[in-house]
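Here are my notes for your first look at this fold. Keep the sequence and the 3D view open side by side, and check each point as you go.

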Amino acid sequence: LEIQPERYSVKLAGQSIACTPREVELLYLLASHPGRVFDREQILSRIWGYDFFGDDRTIDTHIKNLRNNLGPYRDYIVTLRGVGYKFEVEN
């Protein structure tokens with residue numbers, strides 16, 4: 001898994017996968033802090049900005065799309081029900 005946030009690019013085994021800019025930012029945020037839990041408010045403020053006035057469930061949609069695109073890496077994005085999300089790599 002290779003994430004290049006400056007290029008808004010994500011590759012799996014050298015193959016580019018289709019991600020929106022927000023999905024790349026979200027994946028990079030989670031993957032660059034493995035094990036750290038981010039709640040929806042933290043994600044919204046870091047990715048969408050403080051002036052975001054939409055529904056915080058938009059994050060769930062982006063997480064779902066990321067998981068669909070990540071194939072074997074989909075389980076690395078872990079949901080902590082009622083808390084938030086984290087990127088967890090198995091040892």
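**Notes on the fold**

1. Start with one pair of residues. The bridge partner of Ile3 in S2 is Val10. Strands S1 and S2 are antiparallel, and three bridges join them. Gln4 also stands opposite a residue of S2, namely Ser9. Bear in mind that this is a predicted model.

2. Now look at the turn of that hairpin. Four residues lie between S1 and S2, and Tyr8 takes a positive phi near 50°.

3. Next comes the neighbouring pair. S2 and S3 run antiparallel and are joined by two bridges. Lys11 has Ser16 in S3 as its bridge partner. This hairpin has two residues between its strands, and Ala13 in the turn has a positive phi of about 50°.

4. In general, strands of a sheet pair through backbone hydrogen bonds, either parallel or antiparallel.

5. Is Ser9 buried or exposed? Ser9 counts as buried because its relative accessibility is 16%, and the cut-off for buried is under 20%. Beyond its neighbours within four places in sequence, Ser9 is in contact with Glu2, Ile3, Gln4 and Val24.

6. Step back to the whole chain. How many helices and strands does it have? There are three helices and five strands. From the N terminus on, they run β-β-β-α-α-α-β-β. The radius of gyration is 12 Å, close to the 12 Å that the globule rule gives for 91 residues, so the chain is as compact as a globular protein of that length. Along its principal axes, the C-alpha trace spans about 35 × 30 × 20 Å.

7. Helix H1 comes next. Which residues of H1 are buried? They are Glu23, Val24, Leu26, Leu27, Leu29 and Leu30. What do the buried residues of H1 pack against? They pack against S1, S2, H2, H3, S4 and S5. As a rule, an α-helix has 3.6 residues a turn, so residues three or four places apart point the same way.

8. The largest nonpolar core has 23 residues, and Leu27, Leu30, Ile43 and Ile77 have the most contacts inside it. Strand S2 (9-12), helix H1 (21-31), helix H2 (40-48), helix H3 (58-70) and S5 each supply at least two residues of this core. The largest share comes from H1, with five residues.

9. Which residues does Ile77 touch, leaving aside its neighbours within four places in sequence? Its contacts are Leu27, Leu30, Ile63, Leu66, Arg67, Leu70, Tyr85, Lys86 and Phe87. Two of these, Leu27 and Leu30, are also among the buried residues of H1.

10. Strand S4 (residues 77-80) and strand S5 (residues 84-87) run antiparallel, joined by four bridges. Val78 has Lys86 in S5 as its bridge partner. S4 and S5 form a hairpin with three residues between them, and Gly82 in the turn has a positive phi of about 80°.

11. Finish with the totals. Of the 91 residues, 33% count as buried. The chain exposes about 5,800 Å², and carbon and sulfur atoms supply 46% of that area. Among contacts with a separation of 6 or more, 45% are between residues 24 or more positions apart.

Methods: Residues numbered from 1 in each chain as written. Predicted model: local features only at pLDDT ≥ 70, side-chain atom pairs only at ≥ 80, totals over all residues. Heavy atoms only, no water. Pairing = 2+ DSSP bridges. Core = buried A, V, L, I, M, F, W, Y, C linked by side-chain atoms within 4.5 Å. Buried < 20%, exposed > 50% of the residue type's maximum accessible area, 1.4 Å probe, protein only. Contact = heavy atoms within 4.5 Å. Rg over C-alpha atoms; globule rule 2.2 N^0.38 Å. Areas by Shrake-Rupley, 256 points an atom, 1.4 Å probe, with all protein chains shown as cover.
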